Amino acid sequence: MTSLQTKALSISIGNKKVCENLDLSLQPGEIWGVMGRNGIGKTTLLHTLSGLRPPTSGEIFLNQKHIEQIPRKLVAQKLGLLLQHTEDVFPSSVLESVVSGRHPHISNWQWESESDYRLAYEALDKVQMKDLSHRPGNELSGGERQRVAIATLLTQNPDIFLLDEPNSHLDLHYQIDILQNLCEFASKEQRTIFMSLHDINLAARFCDKLLFISGDGKTKSGNADKLLNTKDLSELFQHPIHVTQGAERFIYTPA
Amino acid sequence: MHILSLLYNIMPSTLRKPLPLISLLFLLSILSFAFAISMGSMHFSIHQLLTALSTNQDSIAHTIIWELRLPRAYIAFITGGLLALAGVLMQVLLRNPLADPYILGVSGGASVAALFAMSAGLAGSWVSGSAFIGAFISIMLVFSLAHGKGNWNPARLLLTGVVIAAGWGAAINFILSVSPEKPLRGMLFWLMGDISNISPNASSLFVLIIGLCITFLLARQLNILSRGDLQARSLGVSVKPLRMGLFLLASALTAFAVTQAGSVGFVGLIIPHMIRLISGSDHRLLIPASVLLGGSLLVFSDTLARVIIAPQQLPVGVITAFLGVPFFLFLLNRSMAGKQND
């Protein structure tokens, strides 16, 4: 089990501030949602948290250890990142892509073993792509590509999942199905999910905790039920948002 | 045979997949050598060839095979292997399917230095020595210019290399246009790739083997690097040192190839793509397969280059393209046709 903490984390890109003096503590089993308008720095925050980009100031701790001082391969065993864009220049099959998630767990001179392939097939099964495992990656649709990327991350099997818009390109069924599976898996196995989302209703449905990034370094974090109110949401998106009582849960609609 | 089947049974199943292709290419390599030693102005029977190969008796066949044909096939094979390997590495390094070993100006630097040596009336190892120094200068130039301040991305490296290569290109044209008639033919042959007058040495074989070993150990990291820098880093690959190592290694391989054979075109660009079309992009298969296919192609080409219009010789680079273009188009067409039927 792994925890990820930030102390007085400040990130800026040029003179744009993403966050200032942010103290976060992601604990096992927690499901976090990050929300904010376009270009506010959600992706930058995710990349910084995964150690791919140095923060402007402040510190990030993976299990109480400075993330910059941990070898990248060990970080990758504990922490996985779903990128918004993947770029495959040379053709490779779905299975080859997915099994590459095992890289941090295998030493450089070893080949993937039967059990690595088994994990890859299990992950493909979870995103319902098992039948397409021998397809070349460049013949897939956007949604299928996203599911392959998620399967790769599941094969990596980290304790902390940082997901950059996991539901992008997914149809309605897979948006619910995949987030549902991920979140159930996280609470059962005490993994952490920290994901950027644009859909308030998905955030309300799946997240325990939320982080709002509103620009100029201002952030709000806390329990989801506290932050999901019309005032905070309307302020965050700079757009009036209404809440109505639906059959199963509250429904958030932009005015 | 029994031991072989035992070995096959105990090897991990992942290793079994590449075995057929590698064995086939190994066979092709042996075939290319057989072709090279049997073709030429002197015709020998199979019996003569075999006795010449196996015994040490002093015959014409023995001399021609051991001192002319075999050394030349050996050089061709090593050169082809070096170029194919360098091509694979450049394509991953720059994440660009159009990259070839010469794209970053290594051969340009070598050519300028070699032509200088030729126009000064030097020959033989003086030319190859200057070529190596020229290649080295070009590598360092590109490395330091592209390194700059921390940011070492493929786009910057590619542009720096391409511009330096263009600069060398202009220098080559300058030297060609001011040099007298006499050395001009030799210069043109050198530029088109020519292995007719070099003596074999062990150093480039050594470099090829070292390169193969290093890249084979890095192969899985290369697979992941070709999925993008961010993805590679988030999967625990140290991208920056890997990129620098790749650049230096690919450049060194190219420098050795260019030094012994001039700029033989086509092999480094097309061979990696051929293997990708046949068997996918896993570098653990791609790397050894490319070396074998690149080596064989150059042995076949060089043999044809010396027999087609014998006693005159053609530059081997011309033949590699003549053989490679149709073969590549065939593979490309086949794989595209397969896609339509899916």
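In this predicted model, the helix α7(B) brings B:Ser138, B:Leu141, B:Val142, B:Leu145, B:Ala146 and B:His147 against B:Arg156, B:Leu157, B:Thr160, B:Gly161, B:Ile164 and B:Trp168 of α8(B). Sorted by class, the residues of this contact between α7(B) and α8(B) are seven nonpolar, four polar and one charged. The points below begin with chain B, whose secondary structure comes to 15 helices and zero strands, and then turn to chain A, where six strands form one open sheet and four strands form another open sheet.

**Chain B: overall dimensions**

- Chain B has 342 residues, and because a compact globule of that length would have a radius of gyration near 20 Å, the 21 Å found for chain B agrees with that expectation.
- Taken along the principal axes, the box filled by the C-alpha atoms of chain B is roughly 65 × 65 × 40 Å.

**Chain B: helix packing**

- Two packed helices are described by the angle between their axes and the distance between the axes.
- Helix α7 of chain B, which covers residues 125-147, packs with α8(B) at an angle of about 140 degrees, and the two axes lie 9 Å apart.
- The helices α7(B) and α8(B) are therefore oblique to each other, and the crossing in which α7(B) passes α8(B) is right-handed.
- Helix α8 (residues 154-178) of chain B also packs with helix α9 (residues 181-192) of chain B, here at an angle of about 155 degrees and with the axes 10 Å apart.
- That angle is over 145 degrees, and α8(B) and α9(B) are therefore roughly antiparallel to each other, while the crossing of α8(B) past α9(B) is left-handed.
- On the side of α8(B), this contact is made by B:Ile172, B:Ile175 and B:Leu176, and on the side of α9(B) by B:Leu184, B:Met187, B:Leu188 and B:Leu191.
- The residues in the contact of α8(B) with α9(B) comprise seven nonpolar, no polar and no charged ones.

**Chain A: the sheet of six strands**

- The six strands of this open sheet in chain A follow the order β6-β7-β8-β3-β9-β10, and their pairing is mixed.
- Strands β6 (79-82) and β10 (218-223) of chain A stand at the edges with a single partner strand each, so one side of each has no neighbour in the sheet.
- From one strand to the next, the twist averages 15 degrees.
- Within the sheet, strand β3 (residues 31-35) of chain A pairs with strand β8 (residues 192-196) of chain A in the parallel sense over four bridges, and A:Val34 stands opposite A:Ser196 in β8(A).
- Helix α5 (residues 142-156) of chain A packs on this sheet, where it touches β6 and β7 (160-164) of chain A, and its direction makes about 175 degrees with that of β6(A).
- Helix α9 (residues 230-237) of chain A also packs on the sheet, touching β3, β9 (209-215) and β10 of chain A, and its direction makes about 45 degrees with that of β9(A).

**Chain A: helices α4 and α5**

- Helix α4 (residues 114-126) of chain A packs with α5(A) at an angle of about 135 degrees, with the axes 8 Å apart, and that makes α4(A) oblique to α5(A).
- The crossing of these two helices, α4(A) and α5(A), is right-handed.
- From α4(A), the residues A:Leu119, A:Ala120, A:Ala123, A:Leu124 and A:Lys126 meet A:Ala151, A:Leu154 and A:Thr155 of α5(A).
- By class, the contact of α4(A) with α5(A) holds six nonpolar residues, one polar residue and one charged residue.

**Chain A: the sheet of four strands**

- The four strands of this open sheet in chain A stand in the order β2-β1-β4-β5, and their pairing is antiparallel.
- Strands β2 (16-26) and β5 (65-66) of chain A are at the edges, and because each has a single partner strand, one side of each is left without a neighbour in the sheet.
- Strand β1 (residues 4-13) of chain A runs antiparallel to β2(A) and is joined to β2(A) by seven bridges, and the bridge partner of A:Gln5 in β2(A) is A:Ser25.
- Helix α1 (residues 42-49) of chain A packs on this sheet, touching β1, β2 and β4 (57-62) of chain A, and its direction makes about 135 degrees with that of β1(A).

**Chain A: a hairpin**

- Strand β11 (residues 241-245) of chain A and strand β12 (residues 250-254) of chain A pair in the antiparallel sense over five bridges, with A:Ile241 opposite A:Pro254 in β12(A).
- The hairpin that joins β11(A) to β12(A) passes through four residues.

How values were computed. Residues are numbered from 1 along each chain as its sequence is written. Chains are lettered from A and ligands numbered from 1 in the order in which they are written. This is a predicted model: local features need pLDDT of at least 70, side-chain atom pairs count only at pLDDT 80 or more; totals for chains, interfaces and linings use all residues. Side-chain values use heavy atoms; hydrogens and water are left out. Two strands pair if DSSP finds at least two bridges between them. Axes are lines fitted to C-alpha atoms, for helices over the stretch in contact, and angles run from 0 to 180 degrees between N-to-C directions. Contact means heavy atoms within 4.5 Å. Angles under 35 degrees count as roughly parallel, over 145 as roughly antiparallel, 65 to 115 as roughly perpendicular and the rest as oblique. A crossing is left-handed if the near helix is turned anticlockwise from the far one by less than a right angle, and right-handed if clockwise. Ala, Val, Leu, Ile, Met, Phe, Trp, Tyr, Cys and Pro count as nonpolar, Asp, Glu, Lys and Arg as charged, and the others, Gly among them, as polar. The radius of gyration is taken over C-alpha atoms; the globule rule is 2.2 Å times the number of residues to the power 0.38.
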